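Visitor: I would like to learn how to read a structure like this one. Could we go through it together?

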Amino acid sequence: MQASLQRTPLLKLINEQDPSSIAIVNHSSGTAFSYGSLIRDVARARHALLQSVGDKSLAGERIGFIVENGYGFVVTFLAILASSAVALPLAPSHPASELRYILNDSAAAVVISSATHVKQAEEVLEEGLDHVPVLHQLGTFDEQRGNAVDVEWTEPPSGATCGMMLYTSGTTARPKGVVLREACLLAQAHTLHEAWNYQPSDRLLHILPLHHIHGTVNALLAPLLAGSSVEFMIGFNAERAWSRLAAPFLPNGNVIANSASDGTNNDASGKMVFQPITFLTAVPTVWARMLSAYPSLSSEFQKAGKKAISVEHLRLNISGSASLPAPIREAWTDLSEGNVLLERYGMTEIGMAISCGLDYSDRVESSVGWPLPSVEVRLAETNDETGEETIIAFGEERDPVTGKERQGEIQIRGPTVFSEYWRNPAATKKEFTRDGWFKTGDIAIRRTVPGSGEGRSGPWARGPAYFIQGRRSADIIKSGGEKISALEIERELMALPNVAECAVVGLPSEAWGQKVAAVVVLSEAGKNSAKTWGVKEMRRDLKAHIPPFKVPQELEIVESIKRNAMGKVNKKDLIAAVFGDTERIRRRSLSGRR
Ligand code: MLC
């Protein structure tokens, strides 16, 4: 069989890797796939995708795909790019209505589904769509492996705009599509290469969702472009992750019975060989769960696990997407006997922007470090009275009168920044300054840290370090590394017959960083309903419409919600009035898992 592939910059780089070295491992089946098979399978998948639309051009079209984490996801993703199209990963955990919203908003031309998710895809496409995308089922790889494929490389059409689109919540009531063109994805991967030094010898354990920038760029594209191996576990489970980390260090050796289809990951007897994991990137909730699962491991696994996370084997452990509480950072260093979690700051719209460094002197507690190579960062201070913005110049980090540290909004510019919100010029305009800086909405200070920022991690990690202070809007909640819009949840709550009025807030939580809480005034129907409508019923009602992580974990029913003359709720005051002070909330969150 002959199949052609477009020599896009991204595919060209992947094709330059050693074809015999391992690109992807599906942990659940024990199957390993080399870079050579990856390129051939991408060519086959592209061929099949184009056939499914009668060989029409897909250039610039959005292609949604519901495929579980693993080799199939990677092949599909790259096959879409190789068709000059825009990859739109759809989360299998999201309810049909949310997926329909994304397919409608993006006007996706095709939906690709793996065999596992074909029923779900059919249900999504069944009704409620403004247009009907073609449904294409991803072929299996093993059955095709027998057929040799000749890959013929062609040049991409000029002006082709392939890339990826991710949906993200913000201060609007509905998620927006963030357009990340191929050049932007490459810039995001390159800056991480320079800062984190991904190597062909790296083996990364992938436990993150694949509809986010953290899981797709940091943990997939960046390692693939460096020739590293990525091993996928479907969904995070702390006990399973510990077993995998420990496997190479168990006394009976690192061989666990398992079959691998192309042999690259097997020993002579056909058993799978587990390589030590060298690279692990996750959100604080994951690190916290790893720590709390450790004491219940058997002593054999504890010993092997400790070895696995030592500096000698796990060369890089990264925490991001939410701020890392100091106790988790310290406990991880204690358990690993010296490994220090590296913190960094990023966002869907900008990839990674600021990072601590590889040198331990540049892993500064509570700091996200320095602007990454090619990323321009500035802090814009707002005058509370006039609303006027001033850029905080270097050396002017303190107010000359009060001596206090000056806080400003983080603004970003450079090749790693997204191009636009999909078909939403008003939102795009609102989030950029007139001179082209992206307004992140996050507030930070800059501070010189003695002994750090002296260029030991690279020339980019010099000068004062950035420390995130919080968010500009109380309507953006970060829970378990997921960004949640309070307005979106309020909109969904208001659609429930039992709700007359509501406000959604973020409360501090040990387990999640923040957790979503709803304050509700019941409607007449809610008051008169024979059965009580409590947190369980609210969660059940909302789960039909929004992904489970967005559903409030707490509910307080009140008589009224105080609003100002503009009809707005002061959320800080509301939290204090309804939930009490931070200490009381903290104790509440410790008393239960939620
Ligand atoms: C799950 N639940 C959550 C939740 N995740 N609730 C609040 N916040 C979350 N993030 C709910 C479930 O629906 C379930 O409800 C209950 O909590 C317990 O579920 P679980 O099975 O224990 O949780 P789990 O599915 O294991 O998920 C936890 C997690 C996951 C931490 C592994 O949230 C996760 O993978 N987070 C990472 C997100 C991420 O990649 N963010 C990066 C965004 S990019 P019930 O009712 O069923 O009991 C970005 C830019 C950057 O931010 O800088 O990186």
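Visitor: How many residues does the largest nonpolar core have, and which of them have the most contacts inside it?

Guide: Before the answer, two notes on reading. This is a predicted model, where local features need pLDDT of at least 70, side-chain atom pairs count only at pLDDT 80 or more, and totals for chains, interfaces and linings use all residues. Residues are numbered from 1 along each chain as its sequence is written, and side-chain values use heavy atoms, with hydrogens and water left out. A nonpolar core is a set of buried Ala, Val, Leu, Ile, Met, Phe, Trp, Tyr and Cys residues joined through side-chain atoms within 4.5 Å. Here the largest one has 130 residues, and L78, W196 and W242 have the most contacts inside it.

Visitor: Which helix gives the most to this core?

Guide: Helices are DSSP runs of H or I with at least four residues, and strands are runs of E with at least two, numbered from the N terminus. Helix 3 (residues 71-81) gives the most, with 9 residues.

Visitor: Why is helix 3 largely enclosed by the rest of the structure?

Guide: Buried means under 20% relative accessible area, exposed over 50%, and partly exposed in between (1.4 Å probe, protein chains only). Helix 3 is largely enclosed because 11 of its 11 residues are buried; L78 is one of them.

Visitor: What does W196 touch?

Guide: Contact means heavy atoms within 4.5 Å. Leaving aside residues up to four places away in sequence, W196 touches residues including N218, F279, L342 and R344.

Visitor: Which residues come nearest to the ligand?

Guide: A residue is near a molecule if one of its heavy atoms lies within 4 Å of it. Of the 27 residues around the ligand, S321, R344, S479, R539 and K543 come nearest. Strand 17 (342-347) is among the elements that give two or more residues to this shell, and its 3 residues are the largest share.

Visitor: Where are the nitrogen atoms of the ligand placed relative to S479 and Q553?

Guide: For a polar contact, look for a pair of N or O atoms within 3.5 Å; within protein, one must be able to donate a hydrogen and the other to accept it, and residues adjacent in sequence count only if both atoms are side-chain atoms. A ligand nitrogen is 2.8 Å from a side-chain N or O atom of S479, and a ligand nitrogen is 3.3 Å from one in the side chain of Q553.

Visitor: Is S84 buried or exposed?

Guide: S84 is buried, with a relative accessible area of 2%. This residue has a positive phi of about 60 degrees although it is not a glycine.
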